[in-house]
Amino acid sequence: MQSASVRSLVAFLRQTKHLCVITGAGISTDSGLGAYSGPGGAYERGYKPISQRDFTNFPAMQRRYWSRAFCGWKKFSQAQPNGAHQALAKLEDMGIVHNLITQNVDRLHQKAGQQRVIDLHGSIHDVICLSCKDVTQRSDLQQKLADANPAWIQYEDRGWSEKEQRPDGDVEVGIDPATFEVPPCEKCGGALKPHVVLFGGAVPPHVVDNCKDIVAQCDGILVLGSSLKAWSARRHVITLQKQGMPLAIINETPTPYDDWFEPALKAGLTGTLEEAVKQLL
């Protein structure tokens with residue numbers, strides 16, 4: 001039997017012609033990646049993300065980040081799209097979803113075949129030099145980190161649990177990173193940083209402008225797996241909310257902004273989206 005959540009979602013999808021979707025970490029939990037917010041999320045367990053300021057100014061924080069990222073990379077990079085990612089790609093193929101803005105850095109939407117995606121906060125799969133701004137592949141850096149830190153290789157293959165693995169690939173290692181060596185940029189010798197917006201950092205202006213253009217052209221927004229606590233995503237919902245445009249949200253836990261949405265569904269993303277696609281075919 002079709003659930004009330006699915007019926008509400010299908011009705012919403014049928015009333016929009018240029019829908020924009022905004023996704024958060026909750027959409028990737030069924031792929032084995034942990035969430036930040038909600039019961040059991042990283043923040044609830046006391047996790048404090050590395051800030052842009054600390055990473056930029058303190059080599060010790062760079063070692064801390066890269067040691068944990070090294071240990072978590074194998075599981076993170078091997079994560080596969082789940083049914084929710086695949087359902088959104090299908091909705092794009094059907095002409096229902098026109099654009100997608102994701103707060104996630106895992107590129108699982110692209111792996112699922114989504115074509116029109118903006119990585120609002122960048123991608124963990126890229127690395128940027130803080131000095132010369134050269135961008136390289138994270139997969140290439142993993143081998144260089146292994147070569148520089150042979151004693152750490154044993155932790156690379158450890159089966160990190162979902163509670164230990166963050167949505168950004170970071171893991172709760174519990175090992176002193178003081179001896180961890182981070183190779184410098186091969187072009188200029190500068191410090192390497194994941195090509196993402198760290199806590200307290202700013203989304204690049206051209207990305208903000210691209211998102212504004214998309215939102216200006218859409219006639220509704222569907223938020224999936226996000227608490228919208230981050231201003232970088234919430235600002236675009238506010239734009240349409242002020243215009244009285246259709247807004248819907250699906251999240252497993254309540255958000256402070258549920259009054260903006262109709263419907264505001266508390267449901268599992270994968271099952272709800274998969275069933276909605278079946279109803280729309």
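Me: Is Asn-251 buried or exposed?
Reply: This is a predicted model, in which local features need pLDDT of at least 70, side-chain atom pairs count only at pLDDT 80 or more, and totals for chains, interfaces and linings use all residues. Residues are numbered from 1 along each chain as its sequence is written, and side-chain values use heavy atoms, leaving out hydrogens and water. The cut-offs are under 20% relative accessible area for buried, over 50% for exposed and partly exposed in between (1.4 Å probe, protein chains only). With a relative accessible area of 10%, Asn-251 is buried.

Me: Which residues is Asn-251 in contact with, leaving aside its neighbours within four places in sequence?
Reply: Asn-251 sits in the loop between strand E8 (247–250) and strand E9 (264–265); helices (H or I, at least four residues) and strands (E, at least two) are DSSP runs numbered from the N terminus. Contact means heavy atoms within 4.5 Å. With those neighbours set aside, the contacts of Asn-251 are Gly-225, Ser-226, Leu-265, Lys-266 and Ala-267.

Me: How far apart in space are Ile-27 and Lys-17?
Reply: Ile-27 lies in the loop between strand E1 (19–23) and helix H2 (52–57). From Lys-17, Ile-27 is 10 residues away in sequence. The C-alpha to C-alpha separation is 23 Å.

Me: What is the relative accessible area of Ile-27?
Reply: Not counting residues up to four places away in sequence, Ile-27 touches Asn-82, Ala-84, His-85, Leu-88, Asn-104, His-109, Leu-224, Gly-225 and Leu-269. Ile-27 is buried, and its relative accessible area is 2%.

Me: What do the buried residues of H10 pack against?
Reply: Helix H10 (residues 269–280) has 12 residues and spans 16 Å from first C-alpha to last, close to the 16 Å expected, that is, 1.5 Å times one less than its number of residues. Its buried residues are Leu-269, Thr-270, Thr-272, Leu-273, Ala-276, Val-277 and Leu-280. They pack against helix H1 (4–14), helix H4 (83–93), strand E7 (220–224) and E8.

Me: Which strands stand at the edges of the sheet?
Reply: The open sheet has 6 strands in the order E3-E2-E1-E7-E8-E9, with parallel pairing. Two strands pair if DSSP finds at least two bridges between them. The edge strands each have a single partner, so one side of each is left without a neighbour in the sheet; they are E3 (117–119) and E9.

Me: Which residue in E2 is the bridge partner of Cys-20?
Reply: E1 and strand E2 (residues 97–102) run parallel and are joined by 5 bridges. For Cys-20, the bridge partner in E2 is Asn-99.
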